[in-house]
Amino acid sequence: MNFAATIIPVWALATSALEYLDIASLLEYPLMHTPRLNSVKINLIKTPVFPRKKSLYRLPDSTYGEWIIFENNEPKFYFDFFDELYEDIRNQIMSTRDIEGYFTKMFEQKNLNFMLKQTLFGIPLPGMELIEECTLSKLPKEYLI
């Protein structure tokens with residue numbers, strides 16, 4: 001049996017050039033999260049803190065427009081400014097020109113105990129950093145309105 005004859009190229013499945021691009025992008029980027037999901041898997045850099053048994057969490061340096069929201073110094077939510085979920089409030093957030101200040105103000109107005117930065121006392125041990133895959137819920141849009 002000739003297996004090469006049974007393979008259907010991606011362009012043959014498409015009825016138009018635009019549909020071809022959609023199919024090709026799905027095959028090329030199968031691990032990207034979609035805006036309809038309420039949670040996302042991300043890699044966080046985990047740095048242990050001496051003398052505590054807690055760790056500092058941060059996003060890799062290559063991220064842009066993304067934040068971790070902490071509750072009790074533990075990662076609670078994930079926010080991606082460019083996510084389609086937040087598209088309708090993006091202009092409202094940008095009007096302040098201080099996204100972190102906007103978050104802080106909204107969290108205080110809603111009496112939420114969320115922070116954008118951890119407040120752990122101790123000495124970070126940068127040589128012991130680990131990459132940890134975490135599943136975090138996306139920050140509910142209601143917290144930002």
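Phe77 stands opposite Ser137 in strand E7. Strands (E, at least two residues) and helices (H or I, at least four) are DSSP runs, numbered from the N terminus. E4 and E7 run parallel and are joined by 2 bridges. Two strands pair if DSSP finds at least two bridges between them. E7 (residues 130-138) also meets E1 (residues 39-50): here 8 bridges join the strands, which run antiparallel. Within this pairing, Leu44 has Glu132 as its bridge partner in E7.

A word on the source. This is a predicted model, in which local features need pLDDT of at least 70, side-chain atom pairs count only at pLDDT 80 or more, and totals for chains, interfaces and linings use all residues. Residues are numbered from 1 along each chain as its sequence is written, and side-chain values use heavy atoms, with hydrogens and water left out.

pLDDT is the predictor's confidence in each residue, from 0 to 100. The protein chain averages 80, and 74% of the residues score at least 70. Over residues 1-36, the pLDDT is below 50.

Now turn to the largest nonpolar core, which has 17 residues. Such a core is a set of buried (under 20% relative accessible area, 1.4 Å probe, protein chains only) Ala, Val, Leu, Ile, Met, Phe, Trp, Tyr and Cys residues joined through side-chain atoms within 4.5 Å. Trp67, Phe103 and Leu139 are among those with the most contacts (heavy atoms within 4.5 Å) inside this core. Helix H4 gives the most, with 5 residues. Apart from this core lies another, of 10 residues, including Ile42 and Tyr57.

Methods. Buried < 20%, exposed > 50% of the residue type's maximum accessible area, 1.4 Å probe, protein only.
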